[in-house]
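User: Hi! Could you walk me through this structure and take some quick questions as we go?

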Amino acid sequence: MARGREQESDGSPLAKEKISVPANKVGKIIGRRGAMIRELQDKSGATIDVTDEQEEGKTVIRLSGNPDEIEKAKSLLARIYQDEPRSPQKSGDGDIMDEFSIPEDKCGLVIGARGSKIREIQADTGASVNVGSRDTAVDGMIKVTLKGDKAGCNDAKKIILDLISDADNGQQDQEPVYSTTMTIPLDMTRKLIGPQGSTIRDIQERSGAQVDVARRNTAIDGMIEVTLSGPSECCESARELISNLVEESSHPAETVLMMIEESMCGLIIGARGSKIRSIQDNSGASIRIDKRNEARDGKVQVTITGSAQQCGDARDEIQHIIDEGGNKESKSKSFDASEHVIRMYVPESRCGMIIGRGGSKIAEIQERTRTRVDVNSRERDENGMCLVTISGSEKNCVEAEEIVQSIVDEEDRDRGDRGDRGDRGDRGDGQVERGSMDIWVETSSLGRIIGKGGAKIREIERMYRVKIDVKKDMQEENETKVILIGTKEDVLSTRDYIYDIVDEEV
């Protein structure tokens with residue numbers, strides 16, 4: 001420690017001294033808004049200056065005053081930065097224990113996020129602060145216990161009471177918040193919250209009210225409390241939405257079956273499932289479309305599940321899409337002997353590219369050329385090629401044939417140019433060409449493809465002899481890029497299998 005001596009204006013000796021304290025104790029010494037350091041100066045009579053100087057990793061504090069004042073300041077400071085143990089029973093040391101109560105709903109203000117506020121109060125004042133648990137509340141009040149020297153306890157108490165007062169004043173400046181409660185069956189909580197909180201967020205956005213669901217372990221007789229807060233009309237709107245949700249779920253779900261033309265699947269599913277998701281969101285019903293290989297007589301079954309109202313709305317929307325599609329493609333739906341027909345054969349591996357996911361590509365071709373295009377993988381020529389039948393006017397059929405052929409040719413070129421090629425060993429008479437394909441999968445469906453601990457994706461790789469690379473850092477519009485690497489046949493089979501997994505989830 002460095003010492004110096006000057007003389008005060010009244011002739012009394014002026015001493016100067018510096019001490020070093022741990023840097024992490026500086027906040028405690030200064031206190032909230034400088035309250036602690038001012039109190040130390042008042043008690044000791046010395047001037048205390050916390051500098052920016054560092055010595056061996058410690059912060060330098062300069063003291064000035066007469067020798068007695070400096071010694072007293074050093075003693076007070078030591079109690080803070082040396083963390084001298086204090087016991088409430090040792091009254092001679094000046095330690096006390098103070099207890100007071102605060103409203104239960106203000107505990108969060110005092111504790112802070114993960115205890116941050118209570119730690120700040122303790123660091124600023126040097127007092128120990130303990131807030132009772134909520135189950136110890138009496139008449140909505142919870143006990144707070146302070147331990148330490150009198151000054152520290154007084155500062156801590158003042159900070160806590162100021163926090164509560166500020167919060168109360170802030171509430172008084174605003175309009176009073178209406179709050180009400182309702183109860184729902186315990187087994188409805190998951191449905192109310194929804195996947196990743198989607199349902200409860202939707203209710204809050206639509207109603208404008210805050211919705212809080214009590215913890216499951218607080219349920220009484222199988223019922224759990226839901227708190228609604230906000231303007232009264234918003235709370236009533238939220239209550240109605242929740243009641244409707246519970247009522248719909250309490251009735252046995254109805255099932256409606258529809259048979260649709262196989263060629264209409266793409267229009268109903270939409271690009272990457274966008275249309276079917278929109279129908280489900282608008283109606284509230286669940287919709288499942290059978291896979292195309294389950295078609296019977298060119299018809300595919302659509303299963304709609306939900307309340308009577310939901311099923312009716314979904315059925316009407318699907319029928320509307322079919323009617324619109326039928327009007328646009330009336331020529332392709334009413335062929336007669338005079339219409340032109342083109343039959344062409346394509347490799348089985350190209351059928352999926354022509355049909356597109358959920359029939360989206362074939363529907364696009366039909367709409368663009370005003371023809372009917374049927375891919376029949378069960379009817380083949382002597383080389384195992386699959387039949388594609390195109391019907392309509394001669395000009396339109398030729399246009400559709402060119403589009404289909406371009407898909408086949410483009411796929412050949414893409415596979416030849418894309419990715420690495422290598423030898424996977426003998427399969428047939430020679431080496432097998434390898435390549436890669438990029439597909440886009442809904443990010444929310446990746447879990448079903450990857451599986452727990454990657455078990456599912458490893459199973460797919462073994463089953464189809466491919467490498468699957470999920471690019472989680474490459475996302476667009478809620479979809480993630482997935483790269484499939486392997487032989488052409490294996491990659492196509494893997495792609496179709498992955499799309500089947502995703503479609504089952506839709």
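Here is the chat that followed.

User: What am I looking at overall, and how are residues numbered?

Analyst: This is a predicted model, in which local features need pLDDT of at least 70 and side-chain atom pairs count only at pLDDT 80 or more, while totals for chains, interfaces and linings use all residues. Residues are numbered from 1 along each chain as its sequence is written, and side-chain values use heavy atoms, with hydrogens and water left out.

User: Thanks! How many helices and strands does the protein have?

Analyst: There are 19 helices and 19 strands. Both are DSSP runs numbered from the N terminus: helices are H or I with at least four residues, strands are E with at least two.

User: And what share of the protein is buried?

Analyst: Of the 506 residues, 40% are buried. Buried means under 20% relative accessible area, exposed means over 50%, and partly exposed is in between (1.4 Å probe, protein chains only). As for contacts (heavy atoms within 4.5 Å), among those between residues at least 6 apart in sequence, 65% join residues at least 24 apart.

User: Let's go to β13. Is that strand enclosed or exposed?

Analyst: Strand β13 covers residues 299-306, and six of its eight residues are buried, so it is largely enclosed by the rest of the structure.

User: Which strands does β13 pair with?

Analyst: Strand β11 (residues 254-261) pairs with β13 in the antiparallel sense over eight bridges, and Met259 stands opposite Gln301 there. Strand β12 (residues 286-289) is also antiparallel to β13, joined by four bridges, with Ile289 opposite Val302. Pairing here requires that DSSP finds at least two bridges between two strands.

User: What about Lys74, then: buried or exposed, and what does it pair with?

Analyst: Lys74 forms a salt bridge with Glu17, at 2.8 Å between the closest N and O atoms. The pair links distant parts of the chain, 57 residues apart, with Lys74 in helix α3 (residues 67-81) and Glu17 in strand β2 (residues 13-22). Both Lys74 and Glu17 are buried. The side chains of Lys18 and Glu55 meet in a salt bridge of 2.7 Å, N to O.

User: Let me stay on α3. What span should it have?

Analyst: At 1.5 Å a residue, its 15 residues should span 21 Å, and the end C-alpha atoms are 21 Å apart, which agrees. The expected span is 1.5 Å times one less than the number of residues. Its buried residues include Ile70, Ala73, Leu76 and Leu77.

User: Switching topic: how many aromatic pairs are there?

Analyst: The count comes to one aromatic pair. Tyr464 and Tyr497 are tilted, 5.5 Å centre to centre with 45° between the planes. The two lie 33 residues apart, Tyr464 in helix α18 (residues 455-464) and Tyr497 in helix α19 (residues 488-505). For the rule, rings of Phe, Tyr and Trp (its six-membered ring) pair if their centres lie within 6.5 Å; planes under 30 degrees apart count as stacked, over 60 as edge-to-face and the rest as tilted.

User: Are those two tyrosines buried or partly exposed?

Analyst: Tyr464 counts as buried at 18% relative accessibility, whereas Tyr497 counts as partly exposed at 22%.

User: Last one: what is the phi of Arg465?

Analyst: Phi of Arg465 is near 55°, a positive value in a residue other than glycine. Most residues other than glycine have a negative phi. Arg465 lies in the loop between α18 and β18 (467-476), and is partly exposed with a relative accessible area of 42%.

How values were computed
Salt bridge = Lys/Arg side-chain N within 4 Å of Asp/Glu carboxyl O.
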